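User: I've got a protein model open and I'd like to talk through how it is put together. Can you walk me through it?

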Amino acid sequence: SIVFDGVDDYATINQTLSTPITITGLIKYNNQSQTLNTWINTYPHTVLGISLNRLGNGELYIYIGNGSYWLATPAIISSTNMTINTWYHMTFVSNGSGSQLYLNGVSVGTSIHSPSGWGSKFYLGWIEIATKEYLNGNIASTQIYNRALSTTEIQQNYLSTFNPKFIFQSNLNIWYDMSLQASTASADNVNTIDVSVSTSFN
């Protein structure tokens with residue numbers, strides 16, 4: 001996994017996204033006193049922001065917008081809080097008429113809103129809402145599908161977390177695999193992290 005120090009680390013991904021979409025990955029946060037941790041965002045386009053430990057008790061907030069402004073801040077608050085130094089399989093899915101959040105294969109929140117107005121890039125580990133907010137934690141992988149996965153498919157992916165051969169592959173558009181990085185790999189003071197993009201899943 002790659003370590004994000006919560007101060008200035010983030011990854012820039014030059015890729016245009018669209019809805020319907022499923023974003024799933026393996027992530028944890030490492031500092032209970034640091035709030036406003038971020039997994040993924042689409043700044044400067046106010047489309048999607050996923051923030052961990054938002055108030056200091058492991059809350060997970062999802063911000064959804066139309067590219068010009070946020071439709072809800074937040075649009076989803078998870079019904080289950082996260083625990084520090086614990087890996088979670090996290091999935092955000094939107095079919096264009098609503099969105100849903102899953103933790104470890106279980107739905108923990110829904111919204112009537114769907115993201116739109118995507119730009120040409122997105123970021124891992126950083127967002128700017130009122131201020132710049134960075135992730136103090138680790139990201140092992142991020143997968144992006146160009147369709148909305150079903151609950152059954154999301155659960156299959158969760159159960160296949162440590163055996164990628166069995167991850168659901170239909171319409172899997174992007175796979176940023178950071179598990180191949182050294183356990184101490186750091187994103188320290190860089191704008192772009194060189195992550196591998198898998199195109200074969202055999």
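User: Before the details, what share of the residues of the chain count as buried?

Analyst: This is a predicted model, so local features need pLDDT of at least 70 and side-chain atom pairs count only at pLDDT 80 or more, while totals for chains, interfaces and linings use all residues. Residues are numbered from 1 along each chain as its sequence is written, and side-chain values use heavy atoms, with hydrogens and water left out. Buried means under 20% relative accessible area, exposed is over 50%, and partly exposed sits in between (1.4 Å probe, protein chains only). Of the 202 residues in the chain, the buried share is 53%.

User: And how many strands are there in the chain?

Analyst: Helices (H or I, at least four residues) and strands (E, at least two) are DSSP runs, numbered from the N terminus. The chain has one helix, and its strands number 16.

User: Which residues does T42 touch, leaving out those up to four places away in sequence?

Analyst: T42 sits in the loop between strand 4 (37-41) and strand 5 (46-52), and at 3% relative accessibility it counts as buried. Contact here means heavy atoms within 4.5 Å. With residues up to four places away not counted, T42 touches V47, L48, W118, K121 and F122.

User: Which backbone nitrogen lies 3.1 Å from a polar atom of the T42 side chain?

Analyst: A polar contact is a pair of N or O atoms within 3.5 Å; within protein, one must be able to donate a hydrogen and the other to accept it, and residues adjacent in sequence count only if both atoms are side-chain atoms. A polar atom of the T42 side chain lies 2.7 Å from the backbone oxygen of H45. The backbone nitrogen at 3.1 Å belongs to L48.

User: What does the side chain of T46 reach at 3.4 Å?

Analyst: T46 is in strand 5 and is buried, with a relative accessible area of 15%. Not counting residues up to four places away in sequence, T46 touches G65, N66, G67, S68, Y69 and W70. At 3.4 Å, the T46 side chain reaches the backbone nitrogen of S68.

User: Which backbone oxygen does the side chain of Q32 reach?

Analyst: Q32 lies in the loop between strand 3 (21-29) and strand 4, and its relative accessible area of 30% makes Q32 partly exposed. Among the residues Q32 touches are N53, N57 and I84. The Q32 side chain reaches, at 2.8 Å, the backbone oxygen of G56.

User: How many residues apart in sequence are the parts that the Y10 and Y134 pair ties together?

Analyst: Rings of Phe, Tyr and Trp (its six-membered ring) pair if their centres lie within 6.5 Å; planes under 30 degrees apart count as stacked, over 60 as edge-to-face and the rest as tilted. The whole structure holds seven aromatic pairs, and one of them, Y10 with Y134, is tilted at 6.5 Å centre to centre with 35 degrees between the planes. Y10 is in the loop between strand 1 (2-5) and strand 2 (11-13) and Y134 is in strand 13 (residues 132-134), so the separation in sequence is 124 residues.

User: Which members of the largest nonpolar core touch the most other members?

Analyst: A nonpolar core is a set of buried Ala, Val, Leu, Ile, Met, Phe, Trp, Tyr and Cys residues joined through side-chain atoms within 4.5 Å. The largest has 34 residues, and those touching the most other members are W39, L48, I50 and M90.
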